[in-house]
Amino acid sequence: MAHELKRELVAPTILRNVDLEREEIWQARVDLAACLRAAARYGLEEGICNHFSALVPGHDDLFLVNRLGWAFEEATASSLLICDFGGNVLSGDGEPEATAFFIHARLHKMAPRIGAAFHTHMPNATALCMIEAEPLVWAGQTALKFYGRTAVDVDYNGLALDEGEGDRLASVLGGKDILFMRNHGVMVCAPNIAEAWDDLYYLERAAEVQLKAMSTGRPLLPVDPDIAEATAKQMRAGDPESARLHLESVKRRLDVKSPDYRS
């Protein structure tokens, strides 16, 4: 299911004279590689078909993305590609998968607020993309983290293999953070890598517990909308720091079990 990006790639030294390996850029590589590895450990990826991207620090027209043909579990800091919005690879060995490029490049270009965009077919959240009505019922506390932050793309158009489809998805997302893509999967967008990881992890947990409740066949008990909104505000107030700590815990565990992600 891998699709090559049909672009003529230009040598990075010709494209632009910019230091792409500064300390803060390397740290972004490490953080994104850690998220890919952790997603693999939790079973959130699907083969080699899912993608994480992040804007390159100091360069709002460049983004990091995992390379075509590599599973999340194989990701290392140095294996990640740096691409521009034209599809040129400025740093890294390989090329992006076509759908990854057209979705992620257009999201980052059309919505500069998106510092990181994680797309997966993770099983529980994707299952909620395959049923009628709104995906989340707001019946569990974890789900309330996403109250008022979700959009639904109801028009599945097949693979995103052109800029038009990427633009359409960005338009459907609008000012929201989470896009449930009908018959497809989810896109999690955030200001930075840590918050994208935090949202991805808890979105799958919220979907999992909702599906378990639904499997009983008994009616769900949604939280009162006023309480749901107030709780969501409480969560958002602490999210940036909680997300940072969450990612740091992920890296500590990886440092013990698979420290090569930093290479």
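Is Arg149 buried or exposed? Arg149 counts as buried, at 9% relative accessibility; buried means under 20% relative accessible area, exposed over 50%, and partly exposed in between, computed with a 1.4 Å probe on protein chains only. This is a predicted model, in which local features need pLDDT of at least 70 and side-chain atom pairs count only at pLDDT 80 or more, while totals for chains, interfaces and linings use all residues. Residues are numbered from 1 along each chain as its sequence is written, and side-chain values use heavy atoms, with hydrogens and water left out.

Arg149 forms a salt bridge with Asp177, with 2.8 Å between the closest N and O atoms. A salt bridge here is a side-chain nitrogen of Lys or Arg within 4 Å of a carboxyl oxygen of Asp or Glu. Arg149 lies in the loop between helix 4 and strand 6 and Asp177 in the loop between helix 5 and strand 7, so the pair ties together parts that are 28 residues apart in sequence. Helices (H or I, at least four residues) and strands (E, at least two) are DSSP runs, numbered from the N terminus.

Asp177 also meets Arg113 in a salt bridge, at 3.3 Å from N to O. Because Arg113 sits in the loop between helix 3 and strand 5, and Asp177 in the loop between helix 5 and strand 7 (178-181), this pair joins parts 64 residues apart in sequence. Asp177 is buried, with a relative accessible area of 18%, whereas Arg113 is partly exposed, at 37%.

A further salt bridge links Lys145 and Asp239, whose closest N and O atoms are 3.1 Å apart. Lys145 is in the loop between helix 4 (123-128) and strand 6 (150-153) and Asp239 is in helix 7 (residues 225-257), so the parts tied together are 94 residues apart in sequence. Lys145 is buried at 6% relative accessibility, and Asp239 is buried with a relative accessible area of 13%. Arg113, Lys145, Arg149, Asp177, Asp198, Asp199 and Asp239 are linked in a network of salt bridges. The whole structure holds 19 salt bridges.

Eight strands form an open sheet in the order 4-3-2-1-5-8-7-6, with mixed pairing; two strands pair if DSSP finds at least two bridges between them. Strand 4 (89-91) and strand 6 are at the edges, each with a single partner strand, so one side of each has no neighbour in the sheet. Strand 6 pairs with strand 7 in the parallel sense over four bridges. Asp153 has Met181 in strand 7 as its bridge partner.

Helix 2 (residues 23-41) lies across strands 1, 2, 3, 4 and 5, running at about 165 degrees to strand 1. Helix 3 lies across strands 1, 2, 3, 5 and 8, at about 40 degrees to strand 1. For these angles, axes are lines fitted to C-alpha atoms, for helices over the stretch in contact, and angles run from 0 to 180 degrees between N-to-C directions; contact means heavy atoms within 4.5 Å.

How much of helix 3 is buried? Eleven of its 13 residues are buried, among them Phe101, Phe102, Ile103 and Leu107. The cover over the buried residues of helix 3 includes strand 1 (51-56), strand 2 (59-65) and helix 5 (163-173).
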